[in-house]
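Me: I would like to learn how to read a model like this one. Where do we begin?

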Amino acid sequence: MIGSPTSIVAQHEALVSGRMSSRELVETCLSRIADPVGEGTRTFIRVWEKQARRAAQAQDDLLRAGYASSLLAGIPVSIKDLFDVEGEVTLAGTRALDDCPPAAADAPIVKRLKAAGAVLVGRTNMTQFAFSAVGINPCFGTPGNPWDRDRIPGGSSSGAAVSVADGMAIAAIGSDTVGSIRVPAALCGVVGFKPTQGAVSREGAVPLSTTLDTVGPLARTVHDCALVHAAIAGEIQTMPKGASVSGLRLAVPTDVVLEGLDADVSQTFQRACTMMSSAGAALRELPTGVFSDIRSENLNATIQSVEALAWHRDLLARRRPDYDPNVRKRVERGAQFSAVDYVRALGRRTELMAKFDAVTAPFDALILPTVSIIAPSMDECRRDEDSIRAQLIRNPSLFNLLDRPSISIPMHRPGEPPTGLTIVGERYEDCRLLAIASAVEELFISRSPDLLWR
């Protein structure tokens, strides 16, 4: 991870004290975006250099006058190319939307970031229409994974994760339908948070699946994600406190999510479990039964594909050649499902959510590997994207269907391939989940002090 090992809170304190200016912080990010040997041209679809400099100067003036609208005041943030910004065409990672009218207004999350004083540095690259967890974009290029540039960053919030990992932004906004925040977070070694679906407005965002879409942050730490989440959710910014690893009741699901783990993921997950157990957490294996039902009944694919086709049908007829063939195939798959299939899938979702609530009630959280493999090479993905995509979304997609807040935090050590630990909370208990995740993160850092800034 490139950049100064400083959290948003520490940077805020430096800005308020005058030891650092927002303009300096923004210039650092912009220089990394513009670095000809870096990934900036593939990470960003649009960079707002002039606007970011003006906003940074404005925040510096306010801070010198004693006004700080929030802890994000003067902090550089990137947004996924999925959200409306007034006066710009929202491309969603594709040329197929380039003849659409500019947005008439900022999306609510953009308004809230601006109101919080965040400095928006640009739009980040993504899989076309957010319809893949691999992150490859044949139109705008694919940013290389910060660990190994020949490997995928994960998607669909590919540019969001790389912008944070490479120090081009302090935090990023992504979207997550079946893992599009948590997958790239895990593969790139950053933190990614998917809240309960209704916590953050999805207005002004190009939809993929109205039933499953969520909006959330990526950042370097759990605390940073919590601060950004509070801003875009319209909540009071507070630090997640009140949790300790000691005494936590943690469930380790045994069905589906531990199948086929590669050696790196298996090793780091076992080590993470040992650390949490040694710190006083009570870990218990849990055969949920629910995960097997979700997979065997193909519920995510049914809901996602039908809802995607409903939105894309007219655009696909008009701009078909501009679609990534892999994305087009997934959209068109929605025609394979009948109205009965779709309604039954929604009904089963409601049933399984209730069943899962009862199964997990005795626990504080669930823990599992975010994805079962480390980042594959780009060549592997070009040869067999569908198979790799299935591996990447298998675990995170479960919690979109079940509408559970979940967060991926790094569990690897410096020099190891990035791997992510997913922690899952109860629906609407997002703050409690962030507090638990923060406690686990602190435990990992205490055992390996250089872990955080790998």
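**Overall fold**

Reply: Begin with the inventory. The chain's secondary structure comes to 17 helices and eleven strands. Keep in mind that this is a predicted model.

Me: How compact is the chain, and why?

Reply: Compare the radius of gyration with the globule rule. Here the radius is 20 Å, close to the 22 Å that the rule gives for 454 residues, so the chain is as compact as a globular protein of that length. The C-alpha atoms fill a box of roughly 60 × 60 × 40 Å along the principal axes.

Me: What share of the residues is buried?

Reply: Buried means under 20% relative accessible area. By that cut-off, buried residues make up 60% of the 454 in the chain. The accessible surface comes to about 16,500 Å², and 51% of it belongs to carbon and sulfur atoms.

Me: How many of the contacts join residues at least 24 apart?

Reply: Take contacts between residues at least 6 apart in sequence. Of these, 78% join residues at least 24 apart.

**The cores**

Me: Which residues have the most contacts inside the largest nonpolar core?

Reply: They are I173, M276, I407, L421, I423 and F444, in a core of 76 residues. Take M276 as a case. Leaving aside neighbours within four places in sequence, M276 is in contact with V245, L250, A281, L283, I367, L421, V440, L443 and F444. There is also a second, separate core of 22 residues, which includes L299, F363, F399 and L401.

Me: Which residues of α13 are buried?

Reply: A345, R349, L352, M353, F356 and T360. Now look down the axis. The buried residues of α13 fall within an arc of 115°, so they line one face of the helix.

Me: What does the face turned away from the buried side carry?

Reply: On that face of α13 sit the exposed residues A339, V343, R344, T350 and A358.

Me: Where is I303 found, and is it buried or exposed?

Reply: I303 is found in helix α11. I303 is buried, with a relative accessible area of 0%. Leaving out residues up to four places away in sequence, I303 touches S209, T211, L212, Y342, A345, L346, R349 and L401. Two of these names, A345 and R349, are also listed among the buried residues of α13. Sequence separation is a separate reading. I303 and M378 lie 75 residues apart along the chain, and their C-alpha atoms are separated by 28 Å.

**Backbone details**

Me: Which peptide bond is cis?

Reply: Check omega. The bond from G155 to S156 is cis, with omega near 5°. S156 lies in the loop between β3 (119-124) and α6 (158-165).

Me: What is the phi of F129, and where does F129 sit?

Reply: Check phi, then the residue type. F129 has a positive phi of about 55° although it is not a glycine. Its place is in the loop between β3 and α6. F129 is buried, at 1% relative accessible area.

Me: What about N298?

Reply: N298 also has a positive phi, about 55°, and is not a glycine. N298 sits in the loop between α10 and α11. With a relative accessible area of 30%, N298 is partly exposed.

Me: Which residues does S372 touch?

Reply: First place it. S372 is found in the loop between β9 and α14 (378-383). At 2% relative accessibility, S372 counts as buried. Not counting residues up to four places away in sequence, S372 touches E259, G260, L261, D262, V265, Q391 and R394.

Me: Where is T43, and is it buried or exposed?

Reply: T43 is in helix α3 (residues 40-43). T43 is buried, with a relative accessible area of 0%. Beyond its neighbours within four places in sequence, T43 is in contact with R123, T124, N125, P143, G159, V162, S163 and M168. T43 and I33 are ten residues apart along the chain, and their C-alpha atoms are separated by 8.0 Å.

Notes: Residues numbered from 1 in each chain as written. Predicted model: local features only at pLDDT ≥ 70, side-chain atom pairs only at ≥ 80, totals over all residues. Heavy atoms only, no water. Buried < 20%, exposed > 50% of the residue type's maximum accessible area, 1.4 Å probe, protein only. Helix = DSSP H or I, 4+ residues; strand = E, 2+ residues; numbered from the N terminus. Arc of directions from axis to C-beta. Core = buried A, V, L, I, M, F, W, Y, C linked by side-chain atoms within 4.5 Å. Contact = heavy atoms within 4.5 Å. Rg over C-alpha atoms; globule rule 2.2 N^0.38 Å. Areas by Shrake-Rupley, 256 points an atom, 1.4 Å probe, with all protein chains shown as cover.
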